[in-house]
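Thanks, everyone. Let's walk through one chain. Have a look at the screen first.

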Amino acid sequence: MILSAWSDKGGTGKTTAAILAAAHFKAPLLDLDPQGDAARWAEKGGHPCERLALESAATQARLIAAAESPELHVVDCPPGRDGVAGMAFAQLVLVPTRSGDADLVALARALALVRTVQENGNPGLEVAVVLNAIRETGRARGVSQGLRVGSGYKYLGEIKERLVYEEAYSAGVGVAALGGAATDEVAGIMNKISELLFPAFDSAANTAS
Amino acid sequence: MSTKPKFDPSRVASLLNRGTEEGRGQLAPAPAPVLASVPASVDTEAPTETATTDTDSGPTPPGLGRGAAKPRARTTAAEPEAAEVAGKRPITVRLSEEVIHALVRHQAELRCKPGVRLGESTIGGVMDSLLRGPLGLPAQ
């Protein structure tokens with residue numbers, strides 16, 4: 001089983017989303033992004049992580065094996081077309097977006113690409129969108145409102161711009177280890193992910209204690 | 001018994017491999033892409049450059065009837081891939097005509113109200129246009 005963090009644009013929070021999910025679900029990471037930021041976070045915290053090369057047959061085989069495994073794997077993808085392989089075999093693709101115009105147009109492109117994958121062998125691929133690194137502005141509220149009324153994806157909510165996410169990355173831990181308001185914020189989003197990934201089970205059973 | 005198609009990793013792999021071999025052209029979204037220049041930001045205090053579309057021969061997109069200037073004729077962009085530019089400078093993206101019209105409608109509204117910051121309802125409406133209409137996603 002694969003949960004992928006992917007978007008069609010850089011700087012949206014894919015790696016942040018991936019490590020938050022890996023920490024929350026205590027799931028191994030597959031780092032497909034050549035930048036290797038998720039792998040560095042995993043190394044700091046002693047979290048299981050494999051780095052995979054883009055566009056290799058071995059990577060494709062590894063992703064298929066992970067997709068067919070009952071164990072959850074979290075894949076951190078590079079942005080854009082390069083990262084499509086990382087989400088194409090997933091059960092759920094988490095698409096973080098920010099609230100700028102270019103971000104929203106990229107989100108529309110990403111949803112169209114996901115639909116292409118759904119129509120080509122992965123009809124069960126679910127899509128979840130999270131609005132990342134927002135501030136308390138009218139624009140952010142408006143974008144959130146717009147995302148809530150859209151369909152064809154599950155809107156998970158917002159992650160506010162907080163220093164604690166950088167601190168958690170530096171420490172190689174999830175935000176729950178540092179406490180504060182972000183803990184509840186992330187737990188709410190992860191519970192929604194859990195409901196999508198494990199619909200037959202109580203979401204609490206799949207979260208870290 | 002469910003008739004829903006099942007996960008077929010070999011078909012997905014085939015899609016990916018085809019996309020790789022053909023410059024990933026096979027992974028393009030279903031609507032025929034059209035190159036257009038659109039503004040990088042709508043959250044502005046002053047009117048910005050208008051998105052371009054082929055309105056010379058077609059009907060005026062809705063929302064342009066309140067004294068707004070018509071968009072200029074379509075220009076041909078040389079770069080085949082999306083180029084994102086920070087700030088409020090124009091960006092070049094691949095969009096379907098419906099997306100372009102959604103953005104043009106939005107930009108026209110901006111031109112009607114120079115100096116006015118956009119409210120939630122306007123941005124929500126653009127999001128709705130972008131995410132629901134152009135992609136053919138069913139309404140809730």
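Two strands count as paired if DSSP finds at least two bridges between them. Keep that in mind for the sheet. And remember that this is a predicted model.

So, the sheet. Seven strands of chain A form an open sheet, and the pairing is parallel. Reading across, the order is β3-β2-β4-β1-β5-β6-β7. At the edges sit β3, residues 49-51, and β7, residues 154-160, of chain A. Each of those pairs on one side only. From one strand to the next, the twist averages 20 degrees.

Zoom in on one pair. Strand β5 of chain A covers residues 92-97, and β6 of chain A covers 126-134. Six bridges join them in the parallel sense. Look at A:P96: its bridge partner in β6(A) is A:V130.

Now the core. The largest nonpolar core has 77 residues. Which of them touch the most other members? A:L3, A:A21, A:A90, A:V93, A:L94 and A:I193. Helix α5 of chain A, residues 101-118, gives this core its largest share, 12 residues. In soluble globular proteins, nonpolar side chains tend to be buried together.

Take A:L94. Leaving out residues up to four places away in sequence, A:L94 touches A:L3, A:S4, A:A5, A:A17, A:A128, A:V130 and A:I193.

Last stop, A:A177. It lies in the loop between α7 (163-171) and α8 (181-197) of chain A. Why does A:A177 count as partly exposed? Because it has 14 C-beta neighbours inside 10 Å; buried would take 20 or more, exposed 12 or fewer. A:A177 and A:A23 are 154 residues apart along the chain, yet their C-alpha atoms are separated by 9.6 Å.

Terms used: Residues are numbered from 1 along each chain as its sequence is written. Chains are lettered from A and ligands numbered from 1 in the order in which they are written. This is a predicted model: local features need pLDDT of at least 70, side-chain atom pairs count only at pLDDT 80 or more; totals for chains, interfaces and linings use all residues. A nonpolar core is a set of buried Ala, Val, Leu, Ile, Met, Phe, Trp, Tyr and Cys residues joined through C-beta atoms within 7 Å. Helices (H or I, at least four residues) and strands (E, at least two) are DSSP runs, numbered from the N terminus. Two residues are in contact if their C-beta atoms, placed from the backbone, lie within 7 Å. Axes are lines fitted to C-alpha atoms, for helices over the stretch in contact, and angles run from 0 to 180 degrees between N-to-C directions.
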